[in-house]
Amino acid sequence: MSDPAPNTEPDKAASSGIPVGGETSPLVIMELIQRLKIRDVMTRNLVTLTREDTMRRAQELMRIGHFNGVPIAENGRLYGIVSIDDIIRALIGGYIDDTCAKHMSTHLIVLEDDMPISFALRYFENYKYGRFPVLSRDRALVGIVSQRDINRVLLYELTAEINRLERQITRPPEDGIGDDLYMLREYPVVRHDFENAGKAANEIKRLLRERNVDTRVTRRIAVAAYELEINICIHSHGGTLAMIVSKGVAEIVAKDTGPGIEDVEWACQDGTSTANDWIRSLGFGAGMGLANSKRVSDHFEIKSALGKGTTIRCKFDLRGPAPQQEPSP
Ligand SMILES: Nc1ncnc2c1ncn2[C@@H]1O[C@H](COP(=O)(O)OP(=O)(O)OP(=O)(O)O)[C@@H](O)[C@H]1O
Ligand SMILES: [Mg+2]
């Protein structure tokens, strides 16, 4: 049985933040938190009550299971959450035998199982809660995610990554990047299609790994590709993300059909964003995407025309040295 505690109670541990996804996060972390989905880390075994159950029953459940709260769900649909706060109020107010329906919190902040865990990390930062219920695309309650769930999986993945790197150090990889390596891939990116946003960047990374491209270069390419893909999805009318590999150079080209960027220099600075509340509520809008893409690239070029569109090119020398700075999310 796992802890189904809700997000109605601020979690003190959460307020100190998670030390990943911050300014000093190495590329390996950035790449992991973009690739892993919430469904890969969430807890699926939930203890729930129905709306007709009493607050007393919720209190019992919390006491026995050491939970901070109980989701109220029926046939997979989440209706609310009864938290310890609600129980304390019920005890003081003398209505502990009322139904949960009457006193549960219905103002819920939820995550979707398809989102990358970078969303969850930003939610933990933004909302200062320790856990979030997770819904599927068709709005069914499928799990709950806590900071501990994320830490556990990150630790596991990082261990696997370190083992891989160690193997690479002791046995130099076969070099698949001769001047003869040629690849051309183009992926459509649809406006506001958050279900698929990030998939093109993942596919690009997979292809480069398959060809034994240096892990650090691959990560830098994946970071730029992801940021640019998400930008097309969020800020543009739609477009394409392409990768061209030729003569030892990989180029990521993000092209869209508008609306264009008014002040390109401003947009490329750290922390500048036009994201509205809705975009921020999805976990984006820190204003770091373009700055990071520039930082990880050996060559960065952006052209934008208002009303027409934006084209961004990031080039990477597949054998060359890494740029001086790591990106900051
Ligand atoms: N393809 C695009 N079309 C139109 N505007 C864009 C595009 N890409 C970026 N922008 C503009 O540039 C700003 C900065 O982009 P950047 O990626 O750095 O930050 P963000 O997307 O707002 O936040 P973050 O990437 O940290 O989630 C955006 O807020 C948006 O105004
Ligand atoms: Mg962005």
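Modeller: A residue is near a molecule or strand if one of its heavy atoms lies within 4 Å of it. This is a predicted model, in which local features need pLDDT of at least 70, side-chain atom pairs count only at pLDDT 80 or more, and totals for chains, interfaces and linings use all residues. Residues are numbered from 1 along each chain as its sequence is written, chains are lettered from A and ligands numbered from 1 in the order written, and side-chain values use heavy atoms, without hydrogens and water.

Biologist: OK, which residues come nearest to ligand 1?
Modeller: There are 19 residues around ligand 1 to pick from. The nearest of them are N231, H235, S273, T274 and G285.

Biologist: How far is a polar side-chain atom of S273 from an oxygen atom of ligand 1?
Modeller: Look for N or O pairs within 3.5 Å, known as polar contacts. The side chain of H235 has an N or O atom 2.7 Å from a ligand oxygen, and a polar backbone atom of G285 is 2.8 Å from one. For the side chain of S273, the distance is 2.6 Å.

Biologist: How much of ligand 1's exposed area does the protein bury?
Modeller: Areas here come from the Shrake-Rupley method with a 1.4 Å probe. On its own, ligand 1 exposes 600 Å². The share of that buried by the protein is 95%.

Biologist: Which element gives the largest share of the shell around ligand 1?
Modeller: Helices are DSSP runs of H or I with at least four residues, strands are E runs of at least two, and both are numbered from the N terminus. Helices α10 (215–235) and α13 (289–296) each supply at least two shell residues. The largest share, 3 residues, comes from α10.

Biologist: Now the sheet: which strands stand at its edges?
Modeller: Two strands pair if DSSP finds at least two bridges between them. This open sheet has 5 strands, ordered β6-β7-β8-β10-β9, with antiparallel pairing. Two of them have a single partner strand each, so one side of each is left without a neighbour in the sheet. Those edge strands are β6 (183–190) and β9 (299–305).

Terms used:
A polar contact is a pair of N or O atoms within 3.5 Å; within protein, one must be able to donate a hydrogen and the other to accept it, and residues adjacent in sequence count only if both atoms are side-chain atoms.
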